[in-house]
Amino acid sequence: MKTILQIIIIREFIRLKKRPTAWVLLFVIPIGVFFYLGAIYEEGAIKNVSIAVLDLDHTDLSRKVISNVEASPKLNIIQFLNSNDNIDDIFINHPEIKGFYVIPKNFQKNILNGKQEKLLVYTNSSNIIYGNLIYKEAATFINTMSSGINLQTFKLNGIPHEKAIKMVMPIRVITKPLYNAYYNYLYYLVPGLTTVLLQMIVFLLAARSINSEYSNETYNALLNLANGSVFKIILGKLIAYTLLGLIVAIFIFSVVHPLLGIPSSESTLPFLWVVLAFVMANAMLGIMISTIFKNEAIAMDVSFVYNSPAFVFSGFTFPIMAMPAFNAWYAQLIPYTHFLNAFIKGMEMNTPFSFLIQPTVNLLVFFLVGYVITVSIFMFRNKKVAV
Amino acid sequence: MKKWFSIFKSELALIFDDKSILLTCLVAPILYAFFIGSIYAEKNVTEIPIAVVDFDHSNLSRKVSQLVNTSEKISVEGHYSSIEDAMFHFNNLEVQGILVLPKNFQRKTINLDGSQVELILNNTKFLTSNEINKAVQSVILTVAGGVRMQYFVSNNIPVELAKQKAQPILPVFKSIYNATNNYGDYLLPILLILIIQQTLIIGFGQSIVHEFKHGLFNHSEKLNFFEFTKILSAKSSYYILLYIIYFFVFYKLIFPFFTLSFNGSIFLHLLLSLLFISVLIIYTTLFASFFKTAIGWTEIMAFSTYPLFLVSGYSWPIDSMPQGLQLFANLLPSTPYFNIFNALATEGAKLDNITNGFVHLLVLLLVGYLLLYVRFQFIKEKMIVKTVEN
């Protein structure tokens, strides 16, 4: 014998089954879009950046600089510029060139005379990804060359090789980039994108859960089914959307990420508690919007306006601390911001669960706010009907 | 012609009647532009918190810590006596990096015995991790250069020459079109264009779905393609005008408001925007014709923002994507448009430099129109069969 709650849950699934867009949200987005996003970042890192060189010195040392640049695995010299080329127009006339080195005249002469020389590196920083990559490669390469020259000077002064090496680089920085050591964009971006889309899926599905009962004129039947209990209606719908959200989340962590080659975390199973809070919060907020706005189209617009900037507000690509106060405050009003905090700590950094308590509590606050507002609106409406 | 104007008028009535279209096309573009645009108002990330673990407690270790703290990009949030203490704040995301200055750091450095500092980075977010790395490396290079300089000075080489000898090759970086290499100037212009694109797709798509369900397209069996195009042109005229105005307002008001560079002739920009809007309208009509409800259209298209932006080649090079996606990216109007917009507005290119992108958009317009013709014929035949059956 099925309970009223079970009947409401099954009824909700049947209603979703009849809605083609729900199928798209539950199947096409997780299967199609998640893998599509993974495919964009399949290579993980930019492997080749096209650059040019303008050699105004034409000496052995300048040629050595060029051969060293050529040896860099990420930089590919595709053009040698000449003095007639207008430096200001290089990037406009040759959009494929993302950066260029300028080796000045008398480069070799000055260095051999013990004078400092400049090596100019121009980057097309309208795209900072290329700009940063060329900067990194050039900084490493130029410092290495500079060190090589110093090493020769020290050895010529009679300093033993071992000691000379230490003198060249008196302080070394041992960098330990944790949790994504190879700067892989697939590992970096795709977990963020799939989880923000999870929020949108749950929220947008739930945002039509109540109002569609009014537009399909099935609300009274539902109320009768629930024996007049709005709590059972809310709970039934909440369980239905939470279950669906959890299934999509499990699909993300057990199928999408592993198939895309994103390293899985040993904390995935305990982290499902946080996922549950996240999914519940979004399902509840979606139900709240659906209760507030009887017009499904308006509810959908509001959900879109609220959810679509979630990724940029979350601090994932641009830190919240760099945002103006209002934006930083607004970021806290989106569940994804708190989920991301927990996700990074729990799944990527494998921190103990105690570090996840605060963001999880925050997610539960979203749930509570959604629940209280939804119940209040239902009660207010029922009171109005009774009057 | 009278019919054209009556369709135009009824489209206006629909927009003001349908709150959803009204919100999407009249409120959302400006609201989003300021709301999302203001995220990047500061443009640069500064004062990223890091922790310092100083095991040396020497003058040099304090000097390094102080230099790191004075760097614009990072800020020393706290000094800790053990890595475990610092790790607590690191794990709680309160600091994004830990600089460890080992015991005997000063002695080894001054004696030119080779010392090491350890920099632990939280690489779950690249922007902050890169900035910390760059700032710390720069400080250490300066200190190391100073140490080498001291050696030359102690060998009776004049200070000025010693300085030069300490760093024989000086890298000089010139970031063109974005002097401070900041995130805001890089992302915001295209984000603003993306806002225009997405609101147009969603709003106009809702109107098209409405037209297929309740309006003139509901009787497509009675139309020929010329009439269909005429209705479409009347319907879309309002959106074309509105969105051209948006482009103008964005270029003249919102770009200067966020101090974004905007080069090139406004006329050329608006001409290209017109072409871009036209392609978007054709594609939107084509895809919206597959939808039965306007809500369904909004529900699905809400998920298109990230996939369309990320495949456009702006944030990730198209040639680093698989072949199939490269082809797909080139079928989207945003791919050539983002490219030519960036070349014109940021780099100050001229018409000659963007011919390829311009032709690309024209080809997409023609392909879209052709596909729309095929789609229309299919719908028409389907409706004829349905009418006969009834």
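Predicted model: local features only at pLDDT ≥ 70, side-chain atom pairs only at ≥ 80, totals over all residues.
Student: What is the handedness of the crossing of α10(B) and α15(B)?

Tutor: α10(B) and α15(B) make a left-handed crossing.

Student: Now to salt bridges. What makes the contact of A:R11 and A:E213 a salt bridge?

Tutor: The cut-off is a side-chain nitrogen of Lys or Arg within 4 Å of a carboxyl oxygen of Asp or Glu. Between the side chains of A:R11 and A:E213, the N to O distance is 2.7 Å, so the pair qualifies as a salt bridge. A:R11 belongs to helix α1 (residues 4-17) of chain A and A:E213 to helix α9 (residues 211-215) of chain A, so parts 202 residues apart in sequence are tied together. Both A:R11 and A:E213 are buried.

Student: How do you know that A:E12 and A:K237 meet in a salt bridge?

Tutor: The side chains of A:E12 and A:K237 come to 2.6 Å, N to O, and the limit is 4 Å. This pair links distant parts of the chain, 225 residues apart, with A:E12 in helix α1 of chain A and A:K237 in helix α11 (residues 230-260) of chain A.

Student: Why do A:E12 and A:K237 count as buried?

Tutor: Buried means under 20% relative accessible area. A:E12 has 0% relative accessibility, so A:E12 is buried. A:K237 also has 0%, so A:K237 is buried.

Student: Which chains does the salt bridge of B:E299 and A:R19 cross between?

Tutor: The side chains of B:E299 and A:R19 meet at 3.4 Å, N to O. The pair crosses between chains, from B:E299 in helix α11 (residues 294-301) of chain B to A:R19 in the loop between α1 and α2 (20-40) of chain A. Both B:E299 and A:R19 are buried. Salt bridges with shared partners also join A:R11, A:E12, A:R15, A:E213 and A:K237 into one network. Over all chains, the structure holds 16 salt bridges.

Student: Why is A:Y306 called buried, and why is B:Q137 called partly exposed?

Tutor: A:Y306, in helix α13 (residues 296-307) of chain A, has a relative accessible area of 18%. That is under 20%, so A:Y306 is buried. B:Q137, in helix α6 (residues 126-154) of chain B, has 28% relative accessibility. That falls between 20% and 50%, so B:Q137 is partly exposed.

Student: What makes A:F353 partly exposed, and where is A:F353 found?

Tutor: A:F353 has 40% relative accessibility, which lies between the 20% and 50% limits, so A:F353 is partly exposed. A:F353 is found in the loop between α16 (335-348) and α17 of chain A. α12 (268-292) and α17 (357-386) of chain A are the elements that give two or more residues to the patch.

Student: Which element gives the most to the nonpolar patch?

Tutor: α17(A) does, with 5 residues.

Notes. Residues numbered from 1 in each chain as written. Chains lettered and ligands numbered in written order. Heavy atoms only, no water. Helix = DSSP H or I, 4+ residues; strand = E, 2+ residues; numbered from the N terminus. Buried < 20%, exposed > 50% of the residue type's maximum accessible area, 1.4 Å probe, protein only. Left-handed = near helix turned anticlockwise from the far one by under 90°.
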